[in-house]
Amino acid sequence: MVFEGRIPGIYWTWHECSLQVLGYSDARYKKYKNYDQALLDYNASKELQRGLQKQQHRHSVAMPNGATDGKLVSWKNVLILALCVMLFAIWQKVNKSPSCNCNV
């Protein structure tokens, strides 16, 4: 059964399943011994997914600026900004150095 892949669903053979999961980033799949258990798990995963989508929708409506996780500032953005500030400070220091002939 393919939980996360190109087309999630229950597949009877590994060949059918592999077409859905191989090369798919973060694929999730599992082999079952019987169809009934696979169907129960598949339906449960669909219900869980619907619940998560409803919860995410409520968050995205409530959060300003399109933020869906409640964080307005990403750590990546903070890191990029910090690196830019450091580079600017280094550039200014090198430019003001008396041994630098940058303005020739």
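Contact here means heavy atoms within 4.5 Å. The model on screen is predicted.

**Stop 1: Gln20.** Select Gln20, which is found in helix α1. Which residues does Gln20 touch, not counting those up to four places away in sequence? Show Val2, Gly5, Arg6, Ile7 and Tyr11: these are its contacts once residues up to four places away in sequence are set aside. Gln20 has a relative accessible area of 12%, and because buried means under 20%, Gln20 counts as buried.

**Stop 2: Trp14 and Tyr29.** Stay on helix α1, which covers residues 14–21, and select Trp14. A search of the whole structure finds three aromatic pairs. Trp14 and Tyr29 form an aromatic pair, with 5.7 Å centre to centre and 40° between the planes. The pair is tilted, because planes under 30 degrees apart would count as stacked and over 60 as edge-to-face.

Now colour the two residues by accessibility. Trp14 is partly exposed, at a relative accessible area of 48%. Tyr29 is also partly exposed, with a value of 43%.

**Stop 3: the cysteines Cys17 and Cys84.** Select Cys17 and then Cys84. Is Cys17 buried or exposed? Cys17 counts as buried, at 7% relative accessibility. Cys84, at 46% relative accessibility, counts as partly exposed.

Notes
Residues numbered from 1 in each chain as written. Predicted model: local features only at pLDDT ≥ 70, side-chain atom pairs only at ≥ 80, totals over all residues. Heavy atoms only, no water. Phe/Tyr/Trp six-rings, centres within 6.5 Å; stacked < 30°, edge-to-face > 60°. Helix = DSSP H or I, 4+ residues; strand = E, 2+ residues; numbered from the N terminus. Buried < 20%, exposed > 50% of the residue type's maximum accessible area, 1.4 Å probe, protein only.
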